[in-house]
Amino acid sequence: MPQMKVPGSVDVLLKEEREFFPSPTFVAQANVQDKAIYEKAAENREAFWAGCAKAIEWYCPWHQVMNWTPPHCKWFVGGKLNVSYNCLDRHIKTAARNKAALIWEGERGEERTLTYWDLYLEVNRFANVLKNLGITKGDRVAIYLPMIPEAIIALQACARIGAIHTVIFGGFSADSLRDRILDADAKLLITADGGYRRGNVITLKQTADKALTECPNVKDVIVVRRTGLDVDVVEGRDHWYHNLVHHAAAYCEPEQMDAEDTLFILYTSGTTGKPKGIMHTTGGYLVGVATTYRWVFDIKDHDVYWCTADIGWITGHSYVTYGPLANGATQVIFEGTPDWPDKDRFWRIIEKYGVTILYTTPTAIRTFMKWGTQWPDACDLTTLRLLGTVGEPINPEAWIWYQKHIGRGHCPVVDTWWQTETGGIVIAPLPGVMPTKPGSATKALPGMAADILTDKGEHVEVGGGYLTLTSPIPSMMQGIWGDPQRYVDTYWSRWGNRLYFTGDGARRDEEGYLWMLGRVDDVINVSGHRIGSMEVESALVSHSAVAEAAVVGIEDEIKGQAIVGFVILKEGHHSNDAMAETLRQHVVKVIGAIARPQKILFARDLPKTRSGKIMRRLLRDVAEGRVLGDITTLADAGVVEELKKKYDEEYA
Ligand code: PRX
């Protein structure tokens with residue numbers, strides 16, 4: 001078992017803080033009130049999911065609920081549907097037509113509300129724009145936008161015409177954008193003249209122009225005017241969003257998609273230097289996210305839901321763009337950051353729009369704890385009725401703080417474990433049914449199953465091990481774009497092709513509750529964002545001064561983990577603060593600011609096994625100031641001891 005530790009400490013909690021039961025008032029109104037749902041689902045998973053799929057409108061019903069040919073599972077085989085139709089057209093025939101779908105707040109306080117009818121019109125027009133530019137079913141469209149309504153409109157428009165969208169987070173560099181556009185072979189890019197971040201303008205179009213110099217297949221670029229910043233316009237290639245939309249027809253017939261047609265690709269980091277293009281389907285994905293959204297967030301017609309995730313991550317897809325709209329929910333979307341212009345921004349937004357459900361990250365919660373309760377205390381948060389977290393393990397202290405100071409002691413907290421690969425939530429409480437324990441995501445949702453296994457694949461009833469999923473899930477990834485073998489190797493080969501390897505470690509307690517322990521592979525989770533050690537290593541070695549590099553994640557009180565790089569310089573280069581800063585900047589340039597190493601440590605050599613493999617485990621020991629683990633397999637034990645001495649001197 002790789003070394004892992006329990007994040008935070010359960011022992012510091014008072015006895016009465018160890019378990020929370022849903023209040024009778026909450027239970028009485030909950031979407032799921034009967035815990036028999038777990039058994040019912042387990043008895044016949046196929047029938048259960050078929051029942052869930054009936055909440056979606058299909059042009060043509062499926063003839064087989066599930067076709068499980070390990071490690072591939074097809075869902076709702078033969079069924080035909082359109083995701084955008086389900087998110088929009090369905091609602092404009094009901095009272096939801098005039099209901100707010102999106103309430104957008106820009107960083108500078110601007111406000112824009114789109115009803116379902118408004119959003120329907122915008123999506124239809126933009127879908128026609130894409131069609132007019134020659135985009136058809138199956139074409140890939142890259143999206144590089146800030147958190148503005150056009151981002152959601154763009155995704156929905158792609159879904160409407162059957163184009164496969166691939167969103168690249170606005171914080172990624174030109175190189176990262178280029179690599180993803182090339183891998184997906186996108187024909188068109190949708191971007192903006194810029195975005196706002198902490199009062200500064202992020203020059204998205206400029207970055208995109210740089211990336212596009214090496215993307216010959218991108219024939220058209222659609223630019224949303226967000227900031228008014230002057231941008232270069234490439235004649236014949238670049239088009240202003242508003243001009244195109246203005247001339248587009250108001251209705252676009254939704255494409256009838258096969259349940260197994262690809263809806264989108266989203267790149268995520270793995271254990272190699274190359275990010276994986278995770279593919280999601282149309283039918284299974286929509287059924288999965290629409291159902292889990294209704295269950296876990298207990299969404300009601302009168303709710304105002306706010307998920308703080310950016311569109312660039314899976315949460316911004318599943319629980320902003322698709323899950324809420326499929327359920328006809330009203331949601332807030334926000335372009336900015338929690339501390340701009342002041343540290344009360346989130347609480348002001350909740351007060352202003354009467355937010356009832358908040359979904360955010362443990363990193364954000366720990367940051368709020370550090371800032372102090374005076375910020376939330378100064379705002380009226382009484383509308384809140386449910387709180388959620390996602391992206392990384394939450395320590396019990398942060399969970400309790402969230403429940404007490406933001407939820408005022410009566411909001412259930414749903415800690416939701418899932419991944420880009422699973423598409424939707426897998427492990428989380430049903431808030432009206434499942435007692436919660438601070439720091440535990442509780443158990444797998446109905447119709448899903450998780451287990452803890454040892455290295456050899458033996459079941460662990462109580463204790464720690466590798467987290468695995470043991471039954472197919474409708475929203476589960478379809479594959480890796482352009483690399484089917486990597487799909488099998490990465491996820492389905494550790495214990496045979498029926499058990500999905502999550503890459504996470506977890507512990508199960510006596511009552512079957514799961515406690516997440518973080519990644520067990522070479523993936524670093526910084527503030528809930530996945531970054532591969534190897535990606536940062538290749539960014540470092542692409543600098544002319546670097547001979548070799550090894551990167552590890554170390555524990556960070558706020559961000560969960562922080563990146564530390566060990567670097568061997570080439571002859572003639574000096575290891576000093578200026579060089580460390582140059583290298584940090586270089587990583588930002590190559591990948592983006594999220595991958596910026598917190599520390600760079602220069603080394604003479606790196607600890608390697610006799611076969612030449614870098615032992616990151618020992619580097620983690622060094623960087624976290626621990627006693628060194630087993631060094632008997634090292635080619636040269638002196639290397640790591642020297643490194644430890646140097647590190648302790650510098651950082652102790
Ligand atoms: O390690 C787990 C962690 O985030 C990883 C998935 O990252 P990503 O694909 O970027 O998706 C993030 C949003 C779903 C997982 O392998 N993770 C996610 N949620 C939790 C979590 N770790 C502990 N508790 C969670 N609730």
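Colleague: Which residue in E20 does Gly388 stand opposite?

Modeller: The model is a predicted one. Strands of a sheet pair through backbone hydrogen bonds, in either a parallel or an antiparallel sense. Here Gly388 stands opposite Val414 in E20. Strand E19 (residues 386–390) and E20 pair in the parallel sense, over four bridges.

Colleague: In what order do the strands of the open sheet run?

Modeller: The order is E5-E4-E17-E16-E18-E19-E20, seven strands with mixed pairing. At the edges are strand E5 (111–115) and strand E20 (413–416), each of which pairs on one side only. From one strand to the next, the twist averages 20°.

Colleague: Which strands does helix H12 lie across?

Modeller: Helix H12 (residues 345–353) lies across strand E4 (100–105), E5, strand E16 (304–307), strand E17 (330–334) and strand E18 (357–360). Relative to E4, helix H12 runs at about 145°.

Colleague: How is the packing of two helices to be read? At what angle do H5 and H6 pack?

Modeller: Two packed helices are described by the angle between their axes and by the distance between those axes. For helix H5 (residues 116–132) and helix H6 (residues 149–161), the angle is about 65° and the axes are 8 Å apart. The crossing of H5 past H6 is right-handed.

Colleague: Which residues of H5 and H6 meet?

Modeller: On the H5 side they include Leu119, Val123, Phe126 and Leu130, and on the H6 side they include Ile153, Ala157 and Ile161. By class, the contact of H5 with H6 has 11 nonpolar, two polar and three charged residues.

Colleague: How many residues does the largest nonpolar core have?

Modeller: In soluble globular proteins, nonpolar side chains tend to be buried together. The largest nonpolar core in this model has 167 residues, and Phe76, Phe126, Leu130, Ile190, Trp295, Phe297 and Tyr322 have the most contacts inside it. H6 supplies the largest share of this core, nine residues. Apart from this core lies another, of 31 residues, among them Leu358, Phe368, Leu384 and Cys411. As for Trp295, its contacts beyond four places in sequence include Val32, Phe48, Trp49, Leu430 and Pro446.

Methods:
Residues numbered from 1 in each chain as written. Predicted model: local features only at pLDDT ≥ 70, side-chain atom pairs only at ≥ 80, totals over all residues. Heavy atoms only, no water. Axes fitted to C-alpha atoms, helices over the stretch in contact; angles between N-to-C directions. Left-handed = near helix turned anticlockwise from the far one by under 90°. Contact = heavy atoms within 4.5 Å. Nonpolar A, V, L, I, M, F, W, Y, C, P; charged D, E, K, R; others polar. Core = buried A, V, L, I, M, F, W, Y, C linked by side-chain atoms within 4.5 Å. Buried < 20%, exposed > 50% of the residue type's maximum accessible area, 1.4 Å probe, protein only. Pairing = 2+ DSSP bridges.
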